Amino acid sequence: MGPVRLPNHGWSHGLFHGDVPVAVVATDRLIRERVAGFDRTEAIELSRLAAARPDLSRVALRLWRAFVFPAICAEGGYGWAVSYQDALVHTGNLYRFDGWMMIGRSRSGVDKRTARQGRSKVIWGWCDDAGLRNRRAQP
């Protein structure tokens, strides 16, 4: 996935087995002014999730949601997290099986660094209140 080069201040966390990182998660403030109806004061973005093995992705996401997300929310007053899923590459099961709700769709523009064409994305959302998550869910 490469280094995170987003212009907004973020938080990075790793899951280690001994001295070896086996999963990493990056969280950032929203790049766009609004995402799925949320502004930068309401939501943060889970911008990267990578693991040494596929089964560790689910573990890393759950630990992020249980420990990192509440701490960042308490510090910054956020209530929601959003994350993008590439609609062609991934099924979304990682988020779906963790209780996240699909709250929107987007299409990225042309990458200015590589000229690669934009991709269709599904926007997943998480907040600690199941009722709010369900109300924001889209079919």
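D39 counts as partly exposed because its relative accessibility is 24%; buried means under 20% relative accessible area, exposed over 50%, and partly exposed in between (1.4 Å probe, protein chains only). This is a predicted model, in which local features need pLDDT of at least 70, side-chain atom pairs count only at pLDDT 80 or more, and totals for chains, interfaces and linings use all residues. Residues are numbered from 1 along each chain as its sequence is written, and side-chain values use heavy atoms, with hydrogens and water left out. Let's walk through the salt bridges and then the strands.

**Salt bridges**

- Side chains of opposite charge can pair when their charged atoms come close.
- Here a salt bridge is a side-chain nitrogen of Lys or Arg within 4 Å of a carboxyl oxygen of Asp or Glu, and by this rule the count comes to five.
- One of them joins D39 to R34, with the closest N and O atoms 3.9 Å apart.

**R62 and D98**

- R62 and D98 form a salt bridge whose closest N and O atoms are 2.4 Å apart.
- R62 lies in helix α1 (residues 54-76) and D98 in the loop between α2 (93-96) and β7 (101-107), so this pair ties together parts that are 36 residues apart in sequence.
- Helices (H or I, at least four residues) and strands (E, at least two) are DSSP runs, numbered from the N terminus.
- D98 is buried, with a relative accessible area of 5%, whereas R62 is partly exposed at 40% relative accessibility.
- R65 belongs to the picture too: R62, R65 and D98 are linked in a network of salt bridges.

**D86 and R119**

- The closest N and O atoms of the salt bridge between D86 and R119 are 2.9 Å apart.
- D86 sits in strand β6 (residues 80-86) and R119 in the loop between β7 and β8 (120-126), so the pair ties together parts that are 33 residues apart in sequence.
- D86 is buried, with a relative accessible area of 13%, while R119 is partly exposed at 34%.

**Paired strands**

- Two strands pair if DSSP finds at least two bridges between them.
- Strands β1 (residues 10-17) and β2 (residues 20-29) run antiparallel and are joined by eight bridges; S12 stands opposite A26 in β2.
- Their hairpin has two residues between the strands, and G18 takes a positive phi near 65° there.
- β2 also runs antiparallel to β5 (residues 43-51), with seven bridges joining them; the bridge partner of D28 in β5 is E45.
- In a regular strand the side chains alternate between the two faces of the sheet.
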